[in-house]
Amino acid sequence: MKKVLTLVALMALSACSGQQADTSAEPVNISSLGKSEITDIRAADAMPTYPSRGKAIERDFVHQPPLIPHKADYPITLKKNGCMTCHAPAKAQRMKATEIHDSHLLADTKLNDHYYNCNQCHVPQADNKTQLVDNSFNQ
């Protein structure tokens, strides 16, 4: 019975394998999605402003990860987490930074691997003046 099922399966596969897509399709004309030439000059975007020391934005919901009150371009690699240079429990008070929460640490005060990528939950709280997306909702 096994031999018969195997033979039927092989015949079904060989019948399907000869079908190929039509390779003589017409070429597609692609036009650029950009609306301006590369040589066009436009004004620079406004620089983001970060809150002054001690001014934090209120959280919108319970257990929301705190926002970062500064630029967050520190390298985070498998060997080194740039955030821990200031926010590690041993350094936070000396650096005048917020200490990492106990929930992110293991018993030996090392960073738990589940929380290694800080930027996955924590984002900078910059006030960006540039509108990122066009909005005509109230017009």
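Biologist: How far is the sulfur of Cys121 from the closest cysteine sulfur?

Modeller: A disulfide is read from distance alone, as a pair of cysteine sulfur atoms within 2.5 Å. The closest cysteine sulfur to that of Cys121 belongs to Cys118 and lies 9.0 Å away, which is too far for a bond. Please keep in mind that this is a predicted model, in which local features need pLDDT of at least 70 and side-chain atom pairs count only at pLDDT 80 or more, while totals for chains, interfaces and linings use all residues. Residues are numbered from 1 along each chain as its sequence is written, and side-chain values use heavy atoms, with hydrogens and water left out.

Biologist: How many disulfides does the structure hold, and what is the nearest cysteine sulfur to Cys118?

Modeller: The count of disulfides is zero. Cys118 is in none, and its nearest cysteine sulfur, that of Cys83, is 3.8 Å away.

Biologist: Is Cys118 buried or exposed?

Modeller: With a 1.4 Å probe and protein chains only, a residue is buried under 20% relative accessible area, exposed over 50%, and partly exposed in between. Cys118 has a relative accessible area of 13%, and therefore counts as buried. Of the 139 residues in the protein chain, 12% are buried.

Biologist: Which residues make up the largest nonpolar core?

Modeller: In soluble globular proteins, nonpolar side chains tend to be buried together. A nonpolar core here is a set of buried Ala, Val, Leu, Ile, Met, Phe, Trp, Tyr and Cys residues joined through side-chain atoms within 4.5 Å. The largest one has six residues, namely Met84, Ala88, Ile100, Leu105, Leu111 and Tyr116. If contact is taken as heavy atoms within 4.5 Å, Met84 touches Pro89, Lys91, Ile100 and Leu111, leaving aside residues up to four places away in sequence.

Biologist: How many helices and strands does the protein chain have, and where is Ala97 placed?

Modeller: Helices (H or I, at least four residues) and strands (E, at least two) are DSSP runs, numbered from the N terminus. The protein chain has three helices and zero strands, and Ala97 sits in the segment after helix H3 (92-95). Ala97 counts as partly exposed because its relative accessibility is 24%. Cys86 is eleven residues from Ala97 in sequence, yet their C-alpha atoms are 6.3 Å apart in space, and beyond four places in sequence Ala97 touches Cys86, His87 and Ala92.

Biologist: What is the phi of Lys96?

Modeller: Lys96 has a positive phi of about 55° although it is not a glycine, and at 68% relative accessible area it is exposed. His63, in the loop between helix H1 (2-16) and H2, has a positive phi of about 65°.

Biologist: How much space lies in the largest pocket?

Modeller: Rolling a probe the size of a water molecule over the atoms shows where empty space is left. On a 1 Å grid over the protein atoms alone, with a 1.4 Å probe, a pocket is an open set of points with protein on both sides within 12 Å along at least five of seven lines, and lining residues have an atom within 4 Å of a point. The largest pocket holds about 1200 Å³. Its lining has 44 residues, of which Leu67, Ile68, Pro69, His87 and Thr98 lie nearest the centre, and helix H2 (residues 84-87) gives the largest share, four residues.

Notes:
Points joined across faces, edges and corners; volume = space filled by probe spheres on them.
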